[in-house]
Amino acid sequence: MVYVDFNIKIKMKMKKKHILLMGNTSWSMYNFRGGLIKRLCEQGYHVTVVAPQDGIFEKKIVETGAHFKNINISAKGTNPLTDSMLVLRLVKLLKELKPDFAFFYTIKPNIYGGLAAHLCNIPFIAVTTGLGYTFINNNIISKIARFLYKQSFKHANQVWFLNSDDCNDFLKYKLLPTDKCYVLNGEGVDTEKFALAPLPKQPSFILIARLLWDKGIGEYADAARIVKKDFPDVKFKLLGFLNVQNPSAITKEQVDKWVNEGIIEYLGETKDVIPYIKDSTCIVLPSYREGIPMTLLEGASMGRIIITADTVGCRNIVDDKVTGLLCKPKDATDLAAQIKKVINLTYSESTKMGLSARNKVVSEFEQNIIINKYLLTLDSVLL
């Protein structure tokens, strides 16, 4: 007589599904997706995060309950032929980890992770977190990048975008079919962590970003110079990473010039932006293009007025003259005019606008809205 061990079948059926998430920095994986990673672990998924280790944030990722795997992904390299060698390493990694499903974030994981997942027969979703100007130019690098996007994305289960403009650009270039597109409306902000806080009594402004010209930091400095002629005591602060591996990086020498001129206070880098947001009336980001900028969501969640450029990704966060103000792109004079409008608000008017910003974030960008999309999607694809 042959006995069947039903316990083996039950154990197989109840085996945890393995979800892999890959990004180009540990910092972004934790700060932008830490809530998602923790929630996936709490829901019983076996989660592995793949990113370059930095000595800090991979430890925080592990604290969420996930596993961490280091991989070197150069953020600076722009040669697709050289970067394509990354596919071989990713294929080896995916064969080792054997995930049931994968999510890839930012351009190199999107392209090379997607191609590797296809070669390993692993279903995946590519999350495009924003498109740089390299993508929308018509030079040879851009054309190769678009070709590689198309090759990778035709194998994706879905492609998620943080705003509809980025989605429409992909459709314009015919890089993927419409039925694979989904607009995620940002990556979500923890509105409990970034809780409503009273405004400081004296108006002050802060720009929080990697120090890149594309973030509109030059326009911010020029606008500060203009405004200080009429309001010399108003503070203009700058918080973010120097020495970024990016062709648009701003040098320390340039920042020192602004500081020595007395128009900018450079605050360095931080692991926690909350105290700096609390100390400011208004979050400024005149960026040339974004996915959905997390720093604006975090500031708005804390009841701060937002000033940002009327550009892709940025304008999605602001209801002009209600939750904040929009300025013309690459226009320091107009940015200065919007800053002066905030300075001239009464404390009560500033508080009201900040509260409207908070309410918009809670109703449209709260992280649980985004996390639930992930959970529903995984429920449907992992049946």
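Two strands count as paired if DSSP finds at least two bridges between them, a handy rule to keep in mind for the close-ups below of this predicted model.

View 1. Strand β8 (residues 204–208) pairs with strand β11 (residues 282–285) in the parallel sense, over two bridges. Look for isoleucine 206, which stands opposite isoleucine 283 of β11. Parallel pairing also links β8 to strand β9 (residues 235–239), here over five bridges. In β9, lysine 237 is the bridge partner of isoleucine 206. To get from β8 to β9, the chain passes through helix α10 (residues 217–228), and this β-α-β crossover is right-handed.

**View 2. Strand β8 sits inside the structure.** Five of the five residues of β8 are buried, so this strand is largely enclosed by the rest of the structure. Follow the side chains along the strand: Ser204, Ile206 and Ile208 point one way, while Phe205 and Leu207 point the other way. Residues on both sides are buried.

**View 3. Seven strands form an open sheet.** Reading across the sheet, the order is β3-β2-β1-β4-β5-β6-β7, with parallel pairing. At the edges stand β3 (67–70) and β7 (181–183); each has a single partner strand, so one side of each is left without a neighbour in the sheet. From one strand to the next, the twist averages 20°.

**View 4. Two helices pack on the sheet around β2 and β3.** Strand β2 (residues 46–51) runs parallel to β3 and is joined to β3 by four bridges. Here you can find alanine 51 opposite asparagine 70 of β3. Helix α2 (residues 26–42) packs on the sheet and touches β1 (18–22), β2, β3 and β4 (101–105). The direction of α2 makes about 175° with that of β2. Helix α5 (residues 86–97) also packs on the sheet, with β1, β2 and β3 as the strands touched. The direction of α5 makes about 155° with that of β1.

**View 5. Helix α6 is mostly covered.** This helix spans residues 107–119, 13 residues in total. From its first C-alpha to its last, α6 reaches 18 Å, close to the 18 Å expected at 1.5 Å a residue. Of its 13 residues, 10 are buried, among them Lys108, Asn110, Tyr112 and Leu115.

Technical notes:
Residues numbered from 1 in each chain as written. Predicted model: local features only at pLDDT ≥ 70, side-chain atom pairs only at ≥ 80, totals over all residues. Heavy atoms only, no water. Axes fitted to C-alpha atoms, helices over the stretch in contact; angles between N-to-C directions. Contact = heavy atoms within 4.5 Å. Expected span 1.5 Å × (residues − 1). Buried < 20%, exposed > 50% of the residue type's maximum accessible area, 1.4 Å probe, protein only. Right-handed = clockwise from strand over helix to strand, strands pointing away.
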